[in-house]
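Me: I would like to learn how to read a structural model feature by feature. Can we take one feature at a time, with the general idea before the case?

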Amino acid sequence: MRAQAYNTLGVALARTGQLEEAVDQIERSVVLADNHDLQASCRAYANLGVLYSSLDPQRSIETCLKGLATAKKVGDLGFQSRLYANLAVAYCSLTDRCEAEGIEAAQKAIDLDRRLGLLDHLAVPLIVLGQIYQCHGEHTQALACYQEALDHAEKVGEPQLLFPCYDGLATIYLDLGDQVRAEGYLARSQEVCERA
């Protein structure tokens with residue numbers, strides 16, 4: 001219970017912009033959970049990996065890998081998917097290992113989400129993979145990823161999923177010279193931000 005409470009407190013602190021305090025709380029959660037509740041440990045590693053991505057990128061990768069090993073040990077495929085998605089972001093944003101390991105991690109997350117029917121999470125790795133393809137100038141693959149992610153995101157109406165879909169589609173259409181579609185998606189992204 002304490003491990004989960006520290007984790008929840010850490011997430012709340014992170015959402016209010018208190019990242020270092022959030023890390024302290026979630027690190028406490030990891031220490032307790034590693035000794036008593038590996039399921040809670042998976043959750044803590046996933047959250048800590050996201051926080052480290054902006055504070056200490058190398059630790060982000062190490063933390064995600066530890067969490068992934070724990071999730072595999074307990075057989076938690078849902079957290080494996082989340083941790084693979086986090087790894088894809090870390091590899092592609094923070095290292096030069098994007099093509100070798102980032103794309104593979106994103107694809108593993110997508111495959112797990114599809115296999116498990118985790119449609120509410122499927123948009124996350126699809127967005128990540130879309131961003132990777134977009135950065136590499138592979139517009140066709142990026143469009144397909146963003147469009148599928150948008151289909152799922154619109155069903156749940158989550159602004160944190162809708163915005164990157166609209167933003168990604170807008171920037172791709174700008175790159176392709178389709179000003180009308182780009183402006184349409186930019187307007188939608190702005191509406192999402194205003195509502196949120």
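What follows is a dialogue on helices, cores, salt bridges and aromatic pairs in this predicted model.

Me: Let us begin with one residue. Where is Asn 7 found, and is Asn 7 buried or exposed?

Reply: Start with the element, then the accessible area, then the contacts. Asn 7 is found in helix H1, residues 2-15. Its relative accessible area is 1%, so Asn 7 is buried, the cut-off being under 20%.

Me: Which residues is Asn 7 in contact with, leaving aside neighbours within four places in sequence?

Reply: Asn 7 is in contact with Ile 26, Ser 29, Ala 40, Arg 43, Ala 44 and Asn 47.

Me: How should I read H3 itself? Why does its end-to-end distance agree with its 18 residues?

Reply: Compare the expected span with the distance between the end C-alpha atoms. At 1.5 Å a residue, H3 should span 26 Å, and its end C-alpha atoms are 25 Å apart, so the two agree.

Me: What caps the N-terminal end of H3?

Reply: The cap is Asp 37, with a side-chain oxygen 3.1 Å from the backbone nitrogen of Gln 39.

Me: Now the cores. How many residues has the largest nonpolar core, and which have the most contacts inside it?

Reply: The largest nonpolar core has 46 residues, and Leu 87, Leu 129, Leu 150, Leu 169 and Tyr 185 have the most contacts inside it. Helices that each supply at least two residues of this core include H3 (38-55), H6 (98-116), H8 (139-156) and H10 (179-195). A second, separate core has 10 residues, among them Leu 13, Val 23, Ile 26 and Ala 44.

Me: What does Leu 87 touch, not counting residues up to four places away in sequence?

Reply: Leu 87 touches Ile 61, Cys 64, Leu 65, Leu 68 and Ala 105.

Me: Salt bridges next. How many does a search of the whole structure find?

Reply: The search finds five. For each one, look at the N to O distance, the elements joined and the accessibility of both partners. Glu 27 and Arg 59 meet in a salt bridge at 3.4 Å, N to O. Glu 27 lies in helix H2 and Arg 59 in helix H4, so the pair ties together parts 32 residues apart in sequence. Both are partly exposed, Glu 27 at 26% and Arg 59 at 36%.

Me: Which residue forms a salt bridge with Arg 114, and which with Arg 188?

Reply: Arg 114 pairs with Glu 148, the closest N and O atoms being 2.6 Å apart. Arg 114 is in helix H6 and Glu 148 in helix H8, so this pair ties together parts 34 residues apart in sequence. Arg 188 pairs with Glu 154, with closest N and O atoms 3.7 Å apart. That pair links distant parts of the chain, with Arg 188 in helix H10 and Glu 154 in helix H8. Arg 188 counts as partly exposed at 33%, as does Glu 154 at 39%.

Me: Last, the rings. How many aromatic pairs does the structure hold?

Reply: The structure holds two. A pair of aromatic rings is described by the distance of the centres and the angle of the planes. Tyr 173 and Tyr 185 are stacked, 6.0 Å centre to centre with 5 degrees between the planes. Tyr 173 lies in helix H9 and Tyr 185 in helix H10, so the pair ties together parts 12 residues apart in sequence. Tyr 173 is buried at 11%, and Tyr 185 is buried at 13%. Ring pairs link Tyr 166, Tyr 173 and Tyr 185 into a cluster.

Notes: Residues numbered from 1 in each chain as written. Predicted model: local features only at pLDDT ≥ 70, side-chain atom pairs only at ≥ 80, totals over all residues. Heavy atoms only, no water. Helix = DSSP H or I, 4+ residues; strand = E, 2+ residues; numbered from the N terminus. Buried < 20%, exposed > 50% of the residue type's maximum accessible area, 1.4 Å probe, protein only. Contact = heavy atoms within 4.5 Å. Core = buried A, V, L, I, M, F, W, Y, C linked by side-chain atoms within 4.5 Å. Expected span 1.5 Å × (residues − 1). Polar contact = N/O pair within 3.5 Å; in protein donor to acceptor, adjacent residues only side chain to side chain. Salt bridge = Lys/Arg side-chain N within 4 Å of Asp/Glu carboxyl O. Phe/Tyr/Trp six-rings, centres within 6.5 Å; stacked < 30°, edge-to-face > 60°.
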